[in-house]
Amino acid sequence: MVYIFLDESGDLGFKKKSSKWFVFTIAITQDARALERVVKKVWRSLKKKHKKLSELHASHEKDVTRIRILKGLSEITDIKIMCAILNKKKVYIDLQNQKNYLYNFTANILLDRLYTKEIIKPTESIHLYIDRKDTKKHLRENFIRYLTDSMKKRRDGTFNVELHTSYENKSLQAVDFISWAIFQKYERGDYEFYEIIKSKIIDERLLFP
């Protein structure tokens with residue numbers, strides 16, 4: 001069984017205040033609890049000081065916490081990270097209002113790479129967890145249908161998808177930190193956090209370079 005956790009950073013807006021980049025990130029492991037253990041260890045130490053701390057978000061935490069999480073994840077033996085980065089300023093004008101298409105297009109790049117690079121065996125069972133964000137419900141539902149159909153066409157192994165909130169799934173919180181670190185590299189030119197996890201990134205695909 002292979003476990004895949006997916007999250008994203010940035011947005012698909014095209015206004016002045018919108019992000020310049022949109023990043024899709026997946027973490028792949030055969031240990032269902034590996035990512036969760038890293039987050040729980042840091043979370044417990046912080047909860048002693050902040051009693052109401054329910055979850056960790058990379059964008060809200062201090063650098064010391066971000067570094068602890070990322071270093072812990074970098075020490076997981078079998079973790080593999082793949083990401084697809086959409087350069088929004090290169091997106092054609094007629095596509096800028098087609099968020100569903102852009103969302104699926106970006107995700108499909110990861111799907112293709114997962115298949116063509118033979119990261120997962122054709123008959124291997126896959127369990128995919130996706131962070132459920134209420135503001136993008138229609139995108140999520142469309143994406144799940146698209147992803148499931150695509151995977152059925154390409155492989156014989158079982159494929160299951162679950163939508164979880166990051167609150168209930170600490171492994172998704174871990175991918176949030178990874179995706180955030182990659183996003184900082186592109187959006188702000190900040191490589192500090194990216195370098196911590198870089199050795200685990202096996203595929204980093206820039207779209208519309």
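Me: Which element gives the most to the lining of the second largest pocket?

Reply: In this predicted model, α2 gives the most to that lining, with three residues. The elements that contribute two or more lining residues are α1 (34-47) and α2 (63-74). The space in the second largest pocket comes to about 210 Å³.

Me: What makes a residue part of the lining of the second largest pocket, and which residues line it?

Reply: A lining residue must have an atom within 4 Å of a pocket point. Ser-45, Leu-46, Lys-49, His-50, Leu-53, His-60, Glu-61, Lys-62, Val-64, Thr-65 and Arg-68 line this pocket. By class, the lining holds three nonpolar, four polar and four charged residues.

Me: What does Arg-155 touch, leaving out residues up to four places away in sequence?

Reply: Contact calls for heavy atoms within 4.5 Å. On that basis Arg-155 touches Ile-120, Lys-121, Pro-122, Thr-123, Glu-124 and Ile-126. Pro-122 is 33 residues from Arg-155 along the chain, and the C-alpha atoms of the two are separated by 5.0 Å.

Me: What makes a set of residues a nonpolar core, and which members of the largest one touch the most other members?

Reply: The members must be buried residues of the nonpolar kinds that qualify, joined through side-chain atoms within 4.5 Å. The largest such core has 39 residues, of which Leu-35, Leu-56, Leu-70, Leu-73, Ile-178 and Ile-182 touch the most other members. At least two residues each come from β1 (2-10), β2 (21-29), α1, α2, β3 (80-87), α5 (170-187) and α6 (192-197). The greatest contribution, 10 residues, is that of α5. In soluble globular proteins, nonpolar side chains tend to be buried together.

Me: Which residues does Ile-182 touch, not counting those up to four places away in sequence?

Reply: Ile-182 touches Val-23, Thr-25, Ile-81, Cys-83, Ile-85, Tyr-194 and Ile-201. A second, separate core of 29 residues includes Leu-6, Phe-24, Leu-95 and Leu-207.

Terms used
Residues numbered from 1 in each chain as written. Predicted model: local features only at pLDDT ≥ 70, side-chain atom pairs only at ≥ 80, totals over all residues. Heavy atoms only, no water. 1 Å grid on protein atoms, 1.4 Å probe; cavity = no way out; pocket = protein on both sides within 12 Å on 5 of 7 lines; lining within 4 Å. Points joined across faces, edges and corners; volume = space filled by probe spheres on them. Helix = DSSP H or I, 4+ residues; strand = E, 2+ residues; numbered from the N terminus. Nonpolar A, V, L, I, M, F, W, Y, C, P; charged D, E, K, R; others polar. Buried < 20%, exposed > 50% of the residue type's maximum accessible area, 1.4 Å probe, protein only.
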